Amino acid sequence: MTKKTNDLWFQSLKSSNILTEKIELINQRLISDMNVYIKWSFPDGITVQRIPKLDSISKIRNQGFCKPLYVVKYKKKKIAFRIENPLNDNLTNSVSKLITENNISAVEVWIDDKRKVLYGTSADCGIIFISTNKRKIFKAFKNLNLTNFYMDEIGNYKEN
């Protein structure tokens with residue numbers, strides 16, 4: 001999604017008060033974002049795809065679309081991930097299968113300025129907090145090693 005379309009999608013997600021609708025919107029987004037490649041670059045034109053810990057350096061999306069940061073929460077533990085490149089269909093489908101009405105207790109959306117203060121450039125396109133009360137589900141997310149696919153500041157938010 002483009003930034004404008006992403007903002008509209010977040011507004012519809014935020015305006016829904018029904019958990020099943022939110023879960024359906026999230027799963028549709030996961031699948032639609034699966035094959036969209038995002039390329040990062042520095043303002044000076046150097047292209048960067050896999051350099052670790054670039055939070056202090058300004059990054060720009062110069063190709064691709066806007067994708068949200070997902071944070072799975074269980075009690076005080078968190079796992080943060082984004083469906084970016086490279087990610088295979090099986091892994092995205094595994095994530096989607098875990099996000100069901102039986103497994104998820106709440107969905108919270110951050111699209112205001114506090115997201116960038118707490119999550120840096122990873123949160124440029126918004127954050128979706130997915131809460132679960134089931135330890136088994138949190139462990140299933142953890143076992144997918146979602147954050148290993150990304151070499152930016154997301155790794156800092158894996159678990160708090």
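## A quick tour of the chain

You're looking at a predicted model, where local features need pLDDT of at least 70, side-chain atom pairs count only at pLDDT 80 or more, and totals for chains, interfaces and linings use all residues. Residues are numbered from 1 along each chain as its sequence is written, and side-chain values use heavy atoms, with hydrogens and water left out.

Switch to cartoon. The chain has 5 helices and 7 strands, running α-α-β-β-β-β-β-α-β-α-β-α from the N terminus (DSSP runs: H or I of at least four residues, E of at least two).

Now select helix α1, residues 3-15, and helix α2, residues 19-33: their axes come within 10 Å and cross at roughly 155° (lines fitted to C-alpha atoms over the stretch in contact, angles from 0 to 180 degrees between N-to-C directions). That makes α1 roughly antiparallel to α2 (over 145 degrees).

Next, jump to T132, in the loop between β7 (127-131) and α5 (135-143). Is T132 buried or exposed? At 3% relative accessibility, T132 counts as buried (under 20%; exposed would be over 50%). Its side chain reaches the backbone oxygen of N103 at 2.7 Å. Leaving aside residues up to four places away in sequence, T132 touches K73, Y74, N103, S105, I137 and F138.

Conventions:
Parallel < 35°, antiparallel > 145°, perpendicular 65-115°, else oblique. Buried < 20%, exposed > 50% of the residue type's maximum accessible area, 1.4 Å probe, protein only. Polar contact = N/O pair within 3.5 Å; in protein donor to acceptor, adjacent residues only side chain to side chain. Contact = heavy atoms within 4.5 Å.
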